[in-house]
Amino acid sequence: MCELSIILPAKNEAEGLKRTLPGLRAAYPDAEIIVVNDGSTDATAEIAAGLGATVVGSPYSMGNGAAIKRGTRAAHGAVLVFMDADGQHSAEHIGQLLAKLDEGYDMVVGARDGSGQANFHRGLANAFYNRLASHMTGHRIDDLTSGFRAVRADKFREFLHLLPNGFSYPTTSTMAFFRSAYPVAYVPIPVAKRVGNGSHIRPLKDGIRFLLIIFKIATLYSPMKLFAPIAAAFFFTGFGYYGYTFATMHRFTNMSTLLFSAAVIIFLIGLISEQITNLMYRIES
């Protein structure tokens, strides 16, 4: 079994692979390099094969997360490195991730600085996700959505069934590692300008998906940290409204009843979600 597998999900990234793969092969001649061709319509598969990578393909695009899962299943290394195929990530920085992994961590993430964000709005959104995730886990999270990371293969495979097929696999895997008490570290990494096609992020559709990440963070890690405050807000709003209507009309109104009921329902949903989460992360012996 090889020690290191480098996995690059790629959709129409022929130009990026021309820059990325030669550097990877030169820096890690013994590593297994896997390019997951996610339904590309250009020469991605041919370029990857011609540059010595193992190509795993799908007949149509299934998404970034699906490519990560396909690449992980095909990999033989004890350590997996995930990186973009568009030239943003460099082989020279993999060593920093691996060195940190050797310190006893199970996942090491390359954290981008402000210059590595696609645009100002994406930077603000990612900063918000990082702060929220840090609050949920009690650990500092420098870059929740970075796709450049090194992981121990056996640990990562435990959570393949949790990973979505879309763009939020970094979020899901990071929160899953924290939830299961697998240590995660961050290493600052500069990010180069991508080559080839533009970003596959669609502002409106994927913007909504990124908003859903907020709720996924909470429900993946500790649902009660999300549901309990919301339930409390409904309860105290109902209590306050009841105080107002009692003082002014000497009545207990339907609105107060609705708010109290909503508080109870939300709390119970959170409680059930908490139990489901505990079962989901239970590791079978």
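Analyst: Contact, or touching, means heavy atoms within 4.5 Å. The model is predicted, so local features need pLDDT of at least 70 and side-chain atom pairs count only at pLDDT 80 or more, while totals for chains, interfaces and linings use all residues. Residues are numbered from 1 along each chain as its sequence is written, and side-chain values use heavy atoms, with hydrogens and water left out.

User: How many helices and strands does the protein have?

Analyst: Helices (H or I, at least four residues) and strands (E, at least two) are DSSP runs, numbered from the N terminus. On that count the protein has ten helices and seven strands.

User: What percentage of the 285 residues count as buried?

Analyst: Buried means under 20% relative accessible area, exposed over 50% and partly exposed in between, with a 1.4 Å probe and protein chains only. Among contacts with a separation of 6 or more, 75% join residues 24 or more positions apart. The buried share of the 285 residues is 50%.

User: Which strands stand at the edges of the sheet?

Analyst: Two strands pair if DSSP finds at least two bridges between them. The seven strands form an open sheet with mixed pairing, in the order β3-β2-β1-β4-β6-β5-β7. Two of them have a single partner strand each, so one side of each is left without a neighbour in the sheet: β3 (54-58) and β7 (184-188).

User: Which residue in β2 is the bridge partner of I7?

Analyst: Strand β1 (residues 4-10) runs parallel to strand β2 (residues 32-38), and six bridges join them. Along this pairing, I6 has I33 as its bridge partner, and P9 stands opposite V36. The partner of I7 in β2 is I34.

User: Which residue in β4 is the bridge partner of S5?

Analyst: β1 also pairs with β4, again in the parallel sense, over four bridges. In β4, S5 is partnered by L80.

User: How many residues of β2 are buried?

Analyst: One face of β2 carries E32, I34, V36 and D38, the other I33, V35 and N37, and all are buried. The strand is largely enclosed by the rest of the structure, because the buried residues number seven of the seven.

User: At about what angle does α3 run to β2?

Analyst: Axes are lines fitted to C-alpha atoms, for helices over the stretch in contact, and angles run from 0 to 180 degrees between N-to-C directions. Helix α3 (residues 64-74) lies across β1, β2, β3 and β4 (79-82). Its angle to β2 is about 145°.

User: How far apart in space are G77 and E3, C-alpha to C-alpha?

Analyst: G77 lies in the loop between α3 and β4. G77 is buried, with a relative accessible area of 3%. G77 and E3 are 74 residues apart in sequence, and their C-alpha distance is 4.6 Å.

User: Which backbone oxygen does the side chain of S146 reach?

Analyst: S146 lies in the loop between α5 (120-137) and β6 (149-152), and S146 is buried, with a relative accessible area of 1%. S146 touches V109, G110, R112 and P170, not counting residues up to four places away in sequence. At 2.6 Å, the side chain of S146 reaches the backbone oxygen of G110.

User: Which residue follows α9?

Analyst: Helix α9 (residues 223-249) has 27 residues, and its buried ones include M224, F227 and T245. After the helix comes a residue with a positive phi, near 55°: H250.

Methods: A polar contact is a pair of N or O atoms within 3.5 Å; within protein, one must be able to donate a hydrogen and the other to accept it, and residues adjacent in sequence count only if both atoms are side-chain atoms. The expected span of a helix is 1.5 Å times one less than its number of residues.
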